[in-house]
Amino acid sequence: MRALTQDSYGLDALAVRDVPEPLPAKGQVLVRVNAAGVNPYDWHFAAGQPMIARPMMGGLGGPRPQVRGADLSGVVAAVGPGVTAFAPGDEVFGFGAAGTFAERAVANATRIAHRPVDLTHIEAAALPMAAVTALQFLRAAGLTAGQRVMITGAGGGIGHFAVQIAAAWGAHVTGVCSTRNVAMVRELGASDVIDYTREDVTAGEPRFDVVFTNAGRYPLRALGRVVVPGGLVLTNDGSKAGLFGSMPDLLAAPLVSRFRPYRAMSVSASENAEDLAALARMVDGGVLLPIVSATYPLDRAVEAIRQVAGAGHARGKLVVTLS
Ligand SMILES: NC(=O)c1ccc[n+]([C@@H]2O[C@H](COP(=O)([O-])OP(=O)(O)OC[C@H]3O[C@@H](n4cnc5c(N)ncnc54)[C@H](OP(=O)(O)O)[C@@H]3O)[C@@H](O)[C@H]2O)c1
């Protein structure tokens with residue numbers, strides 16, 4: 001089968017090659033992939049960024065698995081031993097276990113769910129990592145109706161889902177994005193929008209109960225200025241490259257905030273079927289819709305990864321199509 005693979009770090013090492021079709025192990029399914037969402041995660045692994053994380057990406061020589069891609073939407077082709085929740089022919093979306101920019105991919109049955117009926121494979125493939133991350137951050141914040149939340153990167157993958165989820169929960173949402181995304185972010189449910197190319201996001205009175213920062217590389221201290229005493233900064237901007245990348249910012253935030261009048265925390269998103277199903281219910285209920293701004297055939301998947309590298313400017317989600 002054809003897959004986007006690499007045997008060493010660097011986007012130039014990526015190429016579409018013929019590789020053996022994976023076999024579903026115990027608890028796994030084999031999925032015929034129709035579409036696969038693109039995430040900064042794919043850039044982190046492809047480029048080996050930040051470099052300090054390479055041992056956790058598979059080693060110093062190159063990333064493992066060699067096939068890129070984490071999200072998928074497709075049709076179950078076979079099930080491994082012990083799988084009872086899915087059968088061949090089921091339409092599923094979720095997280096692959098060993099790369100999804102491929103014609104076939106294996107996935108743990110505990111990390112996929114049935115595809116929302118109203119979504120195409122391309123739309124469903126946009127959901128897993130970005131929407132699960134948005135959901136888990138906002139849940140960890142304990143966001144409630146009536147609270148004021150500011151979301152940076154509101155026009156991007158996680159941000160555009162976070163705006164919709166927060167608005168569905170009754171929060172007052174302020175989205176931060178560039179000029180071209182202002183109208184879209186407002187349509188997604190933001191009551192206010194800050195165009196960061198024209199206004200200083202960190203200026204003004206403390207007024208937000210929660211700030212969820214996905215982009216912009218804003219210093220914690222600057223974001224803290226617009227958070228009310230006792231409020232919360234959710235740090236999720238992993239866009240820096242280099243030896244340590246954004247890791248010091250993410251790890252230090254909870255410690256530093258002990259000495260400040262607000263709290264700060266990050267969340268490492270967990271891949272699970274329950275949250276995928278919760279998102280599918282939100283889609284079915286009409287409160288969540290993925291925006292896919294561009295699709296790329298497998299041969300051009302590297303272009304999509306370049307779009308989400310570092311401080312990228314992808315609009316909504318980019319999706320690789322396999323069939
Ligand atoms: N904690 C976790 O488990 C977890 C999981 C997944 C991802 N992440 C991290 O989450 C971050 C966001 O991921 P994503 O999928 O949403 O990325 P994305 O789809 O690439 O979106 C990034 C957005 O950032 C905006 N942006 C770029 N420069 C900006 C600036 N100076 N100020 C404000 N916004 C700016 C861009 O919008 P404009 O075009 O409007 O500028 C773009 O839409 C990444 O750094 C990733 O590493 C963490």
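**View 1. Phe137 and Phe212 in the predicted model.** In this predicted model, Phe137 and Phe212 are both buried. A pair of aromatic rings is described by the distance of the centres and the angle of the planes. The count of aromatic pairs comes to 2. For Tyr41 and Phe45, the ring centres are 4.7 Å apart and the planes meet at 35°, so this pair is tilted. Phe137 and Phe212, by contrast, form a stacked aromatic pair, with 4.9 Å from centre to centre and 25° between the planes. Phe137 belongs to helix H4 and Phe212 to strand S11 (residues 208-213), so their pair ties together parts that are 75 residues apart in sequence.

**View 2. Tyr41 and Phe45 within helix H1.** Both residues lie in helix H1, 4 residues apart, which is about one turn of the helix. Tyr41 is partly exposed, with a relative accessible area of 33%. Phe45 has a relative accessible area of 13% and is therefore buried, the cut-off being under 20%.

**View 3. The shell around the ligand.** The ligand is surrounded by 29 residues, and the closest are Ser178, Tyr196, Asn236, Val267 and Ala314. The shell divides into 11 nonpolar, 16 polar and 2 charged residues. Domain 1 (2-127 + 290-321) and domain 2 (130-265) both contribute residues to this shell, so the ligand lies between them.

View 4. A backbone N or O atom of Gly156 lies 3.2 Å from a ligand oxygen atom. An N or O atom in the side chain of Asn181 is 3.1 Å from an oxygen atom of the ligand. At Val267, a backbone N or O atom lies 2.7 Å from a nitrogen atom of the ligand. Taken alone, the ligand exposes 940 Å², of which the protein buries 88%.

Note on methods. Residues numbered from 1 in each chain as written. Predicted model: local features only at pLDDT ≥ 70, side-chain atom pairs only at ≥ 80, totals over all residues. Heavy atoms only, no water. Near = heavy atom within 4 Å. Polar contact = N/O pair within 3.5 Å; in protein donor to acceptor, adjacent residues only side chain to side chain. Areas by Shrake-Rupley, 256 points an atom, 1.4 Å probe, with all protein chains shown as cover. Nonpolar A, V, L, I, M, F, W, Y, C, P; charged D, E, K, R; others polar. Domains from an automatic or database assignment. Phe/Tyr/Trp six-rings, centres within 6.5 Å; stacked < 30°, edge-to-face > 60°. Helix = DSSP H or I, 4+ residues; strand = E, 2+ residues; numbered from the N terminus. Buried < 20%, exposed > 50% of the residue type's maximum accessible area, 1.4 Å probe, protein only.
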